[in-house]
Structure formats: C-alpha cells, structure tokens
Amino acid sequence: MRARLREGFAQFFAKLKDHALEWAVTAALVTVIPPMLAIEEQFVAWFNSLFPPTWWYRAFLVLIVVMWWRWIRWEWNRPRLRPHPESGTYIDIKTGTHYCTKCRKEGHPVALRESKTAWRCFGCDSFYPKLRGSSD
Ligand SMILES: [Zn+2]
C-alpha cells in the first residue's frame, strides 16, 4: 500500500516536472491577466482622452499613404530579373547587374560580384565564368 502510494507520488511529480514550464506560464498568466485588464481599461480611457477622434482618422490615413508609398518604392526598386543565357545568370534589365541563379531559385536573389573572368556569388559561393567574346 505504501509502496503504491510512493509510486503514485513519484509518477505525479515526474509529470509535474515534465510540465513545469507550462504550469509556471499558466499560473503567471492567470495571476497577471486580470489586473492587466483592469489597468488596460483605464489606460484606454486615458489614451482616448489625449487626442480628438479626428486625429485618429488622420493618423490612419497617413499610415495608409505611407504604406502605399513604401510599397510603390519597393516595387519600383526591386530588381527586374531576366535570364542571361550567355552566362547562366539572371540580369537586372534596369541596372545591368547580374544575379545568382541558384540563390534566386531559393528565393533570395544575390547580386554577383564581377571580376575580369567571371561572376562570383557571395551568398552561395557559385562561380559563373565569362565566355570569350561575350559582350558583358
Ligand atoms: Zn548564389
């Protein structure tokens, strides 16, 4: 009887130990969230009293305009890559910069460093030799 009880306690404590972090996080959340909600209500009331509602609409409009502006700039500045069969790389049609084929396929195009005889990728260490007679 005592041995079974001891075994049961041992199992219980082993389980407790396995889930100690979950229990600690749950206990912390349960004791922290209700007072936080009470404080948050006062905080929201105070925060709303700071600015008139029209300011929020204006801030929202500014946020939307800024997001659009950033998206347009990102779209404008991102490289327009076309395959460049002579070298096996991709080339940005706006700037003429060569990009690594392997890195582009992995979803993060890397601009190649150009030397006299080849292009080298510093992302994956690929090497694209220049052919004799190719223009660039
Ligand atoms: Zn690469």
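Mentor: The part to start with is helix 3, residues 53–77, which has 25 residues. From its first C-alpha to its last, helix 3 reaches 36 Å, close to the 36 Å expected at 1.5 Å a residue. Keep in mind that this is a predicted model. Helix 3 is hardly covered, since the count of buried residues among its 25 residues is zero. As a general point, an α-helix has 3.6 residues a turn, so residues three or four places apart point the same way.

Helix 1 can be read alongside it. Helix 1 covers residues 2–18, 17 residues in total, and reaches 24 Å between its end C-alpha atoms, close to the 24 Å expected at 1.5 Å a residue. The number of buried residues in helix 1 is zero, so helix 1 lies largely in the open.

Now place these helices in the chain. The protein chain has four helices and six strands, and along the sequence they follow the pattern α-α-α-β-β-β-α-β-β-β. The domain assignment gives domain 1 as 2–73 and domain 2 as 81–129. The centres of domain 1 and domain 2, taken over C-alpha atoms, are separated by 45 Å.

The overall dimensions come next. The radius of gyration of the protein chain is 31 Å, whereas a compact globule of 136 residues would have one near 14 Å. Along the principal axes, the C-alpha atoms fill a box of roughly 90 × 65 × 20 Å. Buried residues make up 9% of the 136 residues. Among contacts between residues at least 6 apart in sequence, 19% join residues at least 24 apart.

The strands can be taken in order. Strand 1 (residues 81–84) and strand 2 (residues 89–92) run antiparallel and are joined by four bridges. Together, the three strands form an open sheet in the order 1-2-3, with antiparallel pairing. Strand 1 and strand 3 (98–99) stand at the edges with a single partner strand each, so one side of each has no neighbour in the sheet.

There is a second open sheet of three strands, in the order 4-5-6, and its pairing is antiparallel. Strand 4 (113–114) and strand 6 (127–129) are at the edges, each with a single partner strand, so one side of each is left without a neighbour in the sheet. Strand 5 (residues 118–120) pairs with strand 6 in the antiparallel sense over three bridges, and the bridge partner of Arg120 in strand 6 is Phe127.

The largest nonpolar core has eight residues: Tyr90, Ile91, Tyr99, Cys100, Leu112, Trp119, Cys121 and Tyr128. By contrast, the count of buried residues in helix 3, where we began, is zero.

Note on methods. Residues numbered from 1 in each chain as written. Predicted model: local features only at pLDDT ≥ 70, side-chain atom pairs only at ≥ 80, totals over all residues. Helix = DSSP H or I, 4+ residues; strand = E, 2+ residues; numbered from the N terminus. Expected span 1.5 Å × (residues − 1). Buried ≥ 20, exposed ≤ 12 C-beta atoms within 10 Å, placed from the backbone. Core = buried A, V, L, I, M, F, W, Y, C linked by C-beta atoms within 7 Å. Pairing = 2+ DSSP bridges. Rg over C-alpha atoms; globule rule 2.2 N^0.38 Å. Contact = placed C-beta atoms within 7 Å. Domains from an automatic or database assignment.
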